[in-house]
Amino acid sequence: MNQPSANKLPHVTTRRMLDMKQRGEKIAMLTAYDYTMARILDRSGVDAILVGDSASNVFAGHNTTLPMTVDEMIYHAKAVVRGVHAETRRAMVVVDMPFMSYQLSSEDAVRNAGKIMKEHECDAVKMEGGKVIAEAVKRITDIGIPVMGHLGLMPQSIYKYGSYKVRAMEDEEARQLLEDAKIIEESGAFAIVLEKIPSKLAGEVSRSLTIPTIGIGAGPECDGQVLVINDMLGLSNEFRPRFVRRYADLSSVIEQAVKNYVIDVRSNSFPSEEESY
Ligand code: KIV
């Protein structure tokens, strides 16, 4: 990470995220998977960019996040980091550790987290799970790699749940989630994503932790929010859960632009003389 120069905004660090929580400033995070989008997000002022394994769904067209590999995550992460470096270098870049890159053993988890950090200049990794991954989180943070946790709906466990329904509606699962959040904090995580859980529970978790919570479908009491960029820009029409606010309808904009291009090519009105050499 370069030192901030006079004309550049300071890079968002784990320390800064903690300060933001203490000051009551909300953290704005979005996903990105490529250079062009990362440039736009960084210059638009997001605090953090998540190179999510949701790339498996929205970029590669798989049904789940499970097929994603460490090398594929590194490919996306490198492009995103290049994008942030081409702009203000302000946003923190967090990279998802994909399914089976940390569940086998703590040694494996450390090796893969190290590989993700070493191959490009990202700031942190994200891991799904509670108590079962606590040892791996501790070992990774002990060697200096910041970890963001992820609780609630954990897409890498979708075959265990059998659906993408709201999690922790029952008291026992809610109690377990609160306990897991505290364990992940004690293991050294600097923030935790809470996905698709009741707002009241997310508020309780957020107040019980020193580190910030970042919600997705977890209501307004979290310390920050994250959305998948393709969803909030309206790039896909099929996936419209109630927690996604659509800030644009880019799918229609792109469709209309492409239709106009096809008409222009077929009618020979593109390219014009001015567009030719
Ligand atoms: O992979 C992803 O995009 C995520 C977000 C849904 C938080 O984990």
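Analyst: Let's start with the spot itself: the ligand sits in the largest pocket. A pocket, on a 1 Å grid over the protein atoms alone, is an open set of points where a 1.4 Å probe fits, with protein on both sides within 12 Å along at least five of seven lines, and its lining residues have an atom within 4 Å of a point. "Sits in" asks that more than half of the molecule's atoms lie within 2 Å of the pocket's grid points.

A quick word on the ground rules. This is a predicted model, so local features need pLDDT of at least 70 and side-chain atom pairs count only at pLDDT 80 or more, while totals for chains, interfaces and linings use all residues. Residues are numbered from 1 along each chain as its sequence is written, and side-chain values use heavy atoms, leaving out hydrogens and water.

Now for the neighbours. There are 13 residues around the ligand, and Gly52, Asp53, Ser54, Asp96 and Lys126 come nearest (being near means a heavy atom within 4 Å). This shell splits into 5 nonpolar, 4 polar and 4 charged residues; here Ala, Val, Leu, Ile, Met, Phe, Trp, Tyr, Cys and Pro count as nonpolar, Asp, Glu, Lys and Arg as charged, and the others, Gly among them, as polar.

Some of these side chains make polar contacts, meaning pairs of N or O atoms within 3.5 Å. Lys126 has a side-chain N or O atom 2.9 Å from an oxygen atom of the ligand. For Asp53, the distance from a polar side-chain atom to a ligand oxygen is 3.0 Å, and for Asp96 a side-chain N or O atom is 3.1 Å from one. On its own the ligand has 260 Å² of accessible area, and the protein covers 95% of that (areas by the Shrake-Rupley method with a 1.4 Å probe).

Where do Asp96 and Ser54 belong in the fold? Asp96 is part of strand β3, residues 92-96, whereas Ser54 is in the loop between β2 (48-51) and α3 (55-58). Helices (H or I, at least four residues) and strands (E, at least two) are DSSP runs, numbered from the N terminus.

UniProt lists Asp53, Ser54, Asp96 and Lys126 under "binding site" in an unreviewed entry. They span 74 residues in sequence, yet no two of their C-alpha atoms are more than 12.4 Å apart, so they gather at one spot. From this set, Asp53, Ser54, Asp96 and Lys126 belong to the lining of the largest pocket. Bear in mind that such annotations may be inferred rather than shown by experiment.

Technical notes
A polar contact is a pair of N or O atoms within 3.5 Å; within protein, one must be able to donate a hydrogen and the other to accept it, and residues adjacent in sequence count only if both atoms are side-chain atoms.
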